[in-house]
Structure formats: structure tokens, C-alpha cells
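Please look at the structure below with a few local features in mind. The report takes them one at a time.

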Amino acid sequence: MPSASDTVSTTDRRSRGSVALKAVGLLVLAAAVLSFPSVAANPFILSVGVVIMSYAVLATSWNFVGGFTGYISLGHAAYSGLGGYATGLLVIHTGVNPWLGMLLAGLAVAVLAVPIGIASLRVRGASFVIVSIALVLILLLVFQSWGSFTGGSNGLRVPRPFGPEVLRPEQHERFFYLHAALLAVALLTWWLIDRSRFGMGLKAIREDEDKAQALGVPTFTYKLIAFVVSAFFTALGGGLYALWFGFLDPIFQFSILVGSYMVLMSLLGGIRSLFGPFLGAVIVGYAVEYFKNQYGDTQFHLVAMGLLLGLVVLFMPDGIIPAATNLVDRFRPQKTSIREVTQAELAEQRRTAGPEAAQADQQARTDDGTDIPTSDSTVTEGARS
Amino acid sequence: MTATADAAPAQQTASLATVGLTKRFGGVTAVDGASVTFHHGKVNALIGPNGSGKTTFFNCVTGMIKPDEGTVSYRGADITGKAPHRIARAGVGRSFQLCRVFPRMTVMENMLVAVRSTSLRRQLASARDAEELDRARGLLARVGIEHLEHSLARDISYGQQKLLELAGVLMADPETIMLDEPAGGVNPALIDRIANLVRSLNAEGKTFIVVEHNMELVMGLSDHVVVFDRGRPICEGTPTVVQSDPRVLEAYLGI
């Protein structure tokens, strides 16, 4: 085909260019995140930064299930809450090193996610959403009622990992970097899965689960693995938050709202994009803090979030990152497509190219041995469709 | 059926075979004690009037639904009630009625979904390794849509989606391919193209089991035809034998 070599080289050029662009973007992003504590005007702004990074960790962790498999869990607060409480209780009762406690808590929640996943991943769509909510409500009741162990509605005070000589702004700064590091690990894991065969299978599940299974994808096992990885990172996020904030209350830990934020952030940024949940967390996290700050203890921030969710679903169902990418693509040179060459144009090209080209074309077909349809039939098909 | 037509299939190697397969939905018996043998290395066809239980049979055999009674075997091994992905990896690929592709994945990504081995290292490796990409491009070229590699599957025409679905199934390298109405809703030129693909793949040793309404296609393509009516086979044999069988005429025309 006359345009084949051109197509390949443009694709290569474009992908090389986009790799360079991505590397630069990544460096800028990393620099922006790492310099935030030094440019933050005061400790309050810095603490907002920690909250946003915590949301970013949770949303990115949620996206292992939501983004890859399309199973929308509204109850991921169950895993962040359990991670936080497990970390706190381990530190209090066993005196274990807090960082080790956090890791152990993450592993324990991951183990617990196996039976939960086996039970809940049997149902799809709306039923899965309901099941995921049910778990949070059950945990809320348990942690409120079991006062002797969890502190009940009075809450649980979690010892701080850094001594009293580390002042509050310093605490915020350290925890900002710790959250950033955890976020980086979660993003790296997401990226590794995204490019793997395993990830391709998960994305196929999101598109059409039965079809994926008919192509040999062990769908249930894949979903379960993604679910457990997601619960593990969510629990680590919950544990790190508990160590920073130092106080856990069941009503906030096991709240539908926290789970909804994870979904909103991910949808807003784009669940099919690596950085989608992070971007969503920055926007939503900032908005929540802004509204809370401006309007105090009113429920106004909830109204605003509800409006935002409605707008996202209506106008940007794929999220900001895909919408922005499409916009950028529109100004780029168009992708090569079969529809750009009509039959008449092709006939003209053939005439000008002369008999040598036609012969070479014929030769290529014979060498291949398979019944590759000729260019004529391809174009005919393109014209017909 | 003549004695020779009876004797001939007995010498064939069985591909998929069912014994007494039954599936009920409430009071309706969609598949009613069906015992069918498809032949290895042949193009087998499953035909029958609407509602005769072909698709339910197809779904029982590929594991999408579990049969109530009876057994399914493939090349001698029992696969009754096994999960679809296990049956797929045992070597049976399938297409879907009305064609199903992964709409928001590119044509190439659609090709890379098929799982041939679940070894951990292979699953964690990049999906876009050079060998797989080459195989995928070869198969896309074979069905004639290699130029659409970067398009989203939802953006290509219905006929092209049908070709993509077939190419995607071939990526798993199945030895048996089950097609559910490959000619449904596509133009005559494309039907010819699909028929040619089936012939050339069959010549390379692939077994086909085709559920189809298009009689012309079935009769021109198949070595062995099974006719279904009311959930069970009423007649089987070569296209010529089946066409002249009074029971088939009765089932189709009600005479």
C-alpha cells in the first residue's frame, strides 16, 4: 500500500514526541509537588496540601478497581477506615513501630479484602455499588458500638510517630512528603498494571466482561486481584492519614461521603488516566477545603460537590484529562486513516506510480503467501462502509 | 439417512460433542436432551428455525450458561460446566451473536486481550511486546483491517467490527472456532469475504462450528450440518443429505 511507510513513520515520530512531552510533564509535576511545602504560605495551607495528597492517594487506590474494571465502589472508605484503625490499634496495643504497623495494617486489610471481594464481585453494576455501601455501614455500626476496643463514638487517639520536639509545621511537611511518596508508589503500580497483559485483561472486563472471558481472561481472578491491590493501597492511605491526624472517629472514617469523594475525584480527572484521580483530588480537595473555610460548618460544600458531580457526568463523562487530550488532538495534524484515500485518488496514484510499483505490490502479496486482501478490496470496503 | 452417510461420521475424530444436553428456563426446555457430535478439522454448521435452541446450546457448550443435565466434551475431555475462560484456553474460541468488540479500546488493544497463558511473568509483562504486535498485525491484515489499528473499535463500521471480532478470536490461536451468525447483518460482499476466511483457516486445520440462518452460506461452506428443532437435533449429514430430508423441510416450512 503506498501510504504504509508514511503511516509508520508518522506514528513513530508522534510517539517519540509524546514520550519526550510526557517525561517533561512528569518532571514538572514532581517539581511542583516537591516544592509545595516550601512555597506554602502558612501551616494551614500546608495542612490542606496534606489533606489533598491523602485524597490523591485514596482516589488513585480506588482507581485500581474503578478505572481498570469499571466496578464502581462507593464504599472504599471501609478500607481506608480499617487501615487507619488497624494502624492505630496496632501501635497502641503492641507498641510496634508505627511505619511497620501501617504496613501490617495494609496487609491485614488486603487479606480481609479477599473474602469481601469474593462475595461482592459476583454481582455487577448497581448491585455491586449497593453491596459496597453496605460494608461501610456495617463497619460504622461495629466501630461505634464496640467502644471498649475501638474507642467507640469518642474516637481513637493515635500516637504520633514523630516526637514532641517536631513542631506542627514540620509534622505537616514530613507527612506531605510521606503521602507524596505513597502516591508515587501507587501511581507506579497503576502504570505497571496499565501496560501489562493483566491490565489489558482488566480493561477488557470494564468494556465487556463476558466477551473478555470468552477470550480466555480469567475474569473473576483478575477482578479479585485488582480489588485486593486497591484495598491494600487504600488501607495504607488510611493508615498514613491516621498517623498524621492522630485521631479517628468512626463517623468520619466509615462515611459514605469519603467513598463518594474518591469516586467523584476519579471521575472528574478521568478514570482511564493514570493521573486522573490525582488531578480530581487536587480540584475536589481544594474545593472542599475552600467551601468549608468560607461557609464554616454549613452543608454548603456538599451541595457544591453534588452539583460538580452532576456537571461532570453530564458534560465530561470521561473526565478532564481525556476531554483535554481530545481538545489538544484536534489541533494536531490528523491521524492517517483509510478514509483519507478515496478509490479515485488511489487509482490516480497508481497511474502516476507506473507499472514498477504495481509489480512490487504484486510481489509483496505473493511473498506473504496469505490471502491479504488487495488494496482495491480494502478501499472498496472503506467506501462501502 | 443412507447407510454410507451414517458410517462416514463414525470414522471422524470428534471435536466438541454433547450427550443428552438439557437446559430449562422455568417451564421452557430450550435444549432438550441434545446429543450432537461435531467433527474435528471440518466446517460444521448448526442450523434450525428461530427459537429452536441453537444459541442456548451454543452458550451451554461454551460455558456461558450451565446446562441442567448432560455432558459436553471436547476432544475426549469432559468440559461440562467449566468456566468460559477454561473452555477458551482448552482451544475453543467463539464469536458472539450481533458481534461484540471492546468499544472504547483501539483495534490493536482489542487484539491483545486474548489470553494464551496465565503464567504470572507473562501476565505482568508489557502487553505490547513485539511478537504479539506482529501476530496481531498479521491477523488484522489477513481479515483486511490492518489500516484501522489505531482506531477505537466503536468508530469502525459494523462489518469491520465483525472482522475484528474474528481476528481477536484468532489471537488466542484456538483449534476450534465457534461462530454465532457470522453473516448476520452484513452485506453480501463481506459474507463472501468471511466465507473465504473460514475456508482458508479450515484448510490450515482449524475446526469450525457455525450457527447460521443464511442457508446459501451454510450449504456452500459446511462439510457437516446439524439441524436443530425444539431443542434437539432432528437430522444431520452433508449439506445435500440435509437439504433433501423431509424432517428438515417440515421443521422449516411447517409442511
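Predicted model: local features only at pLDDT ≥ 70, side-chain atom pairs only at ≥ 80, totals over all residues.

In soluble globular proteins, nonpolar side chains tend to be buried together. In this model the largest nonpolar core has 159 residues, and those with the most contacts inside it are A:Val109 and B:Ala167. This core draws at least three residues from each of domain 1 (3-91 + 174-253) and domain 2 (101-158) of chain B.

If neighbours within four places in sequence are left aside, the residues in contact with B:Ala167 are B:Met111, B:Leu139, B:Leu140 and B:Val143.

## Two helices that cross

Two packed helices are described by the angle between their axes and the distance between the axes. For helix α12 (residues 256-269) and helix α13 (residues 276-295), both of chain A, the axes come within 7 Å and cross at roughly 115 degrees. The helices α12(A) and α13(A) are therefore roughly perpendicular to each other, and the crossing in which α12(A) passes α13(A) is right-handed.

Residues of α12(A) that make the contact include A:Tyr261, A:Leu264 and A:Met265, while those of α13(A) include A:Phe278, A:Leu279 and A:Ile283.

## Two positive phi angles

Most residues other than glycine have a negative phi. B:Leu98, although not a glycine, has a positive phi of about 65 degrees, and B:Glu181, also not a glycine, has a positive phi of about 55 degrees.

B:Leu98 lies in the loop between β6 (92-94) and α4 (107-111) of chain B, whereas B:Glu181 is in the loop between β7 (176-180) and α8 (188-203) of that chain. Is each of these residues buried or exposed? B:Leu98 is exposed, because it has 11 other C-beta atoms within 10 Å and the cut-off for exposed is 12 or fewer. B:Glu181 is buried, because it has 21 such atoms within 10 Å and the cut-off for buried is 20 or more.

Definitions and conventions:
Residues numbered from 1 in each chain as written. Chains lettered and ligands numbered in written order. Core = buried A, V, L, I, M, F, W, Y, C linked by C-beta atoms within 7 Å. Domains from an automatic or database assignment. Contact = placed C-beta atoms within 7 Å. Axes fitted to C-alpha atoms, helices over the stretch in contact; angles between N-to-C directions. Helix = DSSP H or I, 4+ residues; strand = E, 2+ residues; numbered from the N terminus. Parallel < 35°, antiparallel > 145°, perpendicular 65-115°, else oblique. Left-handed = near helix turned anticlockwise from the far one by under 90°.
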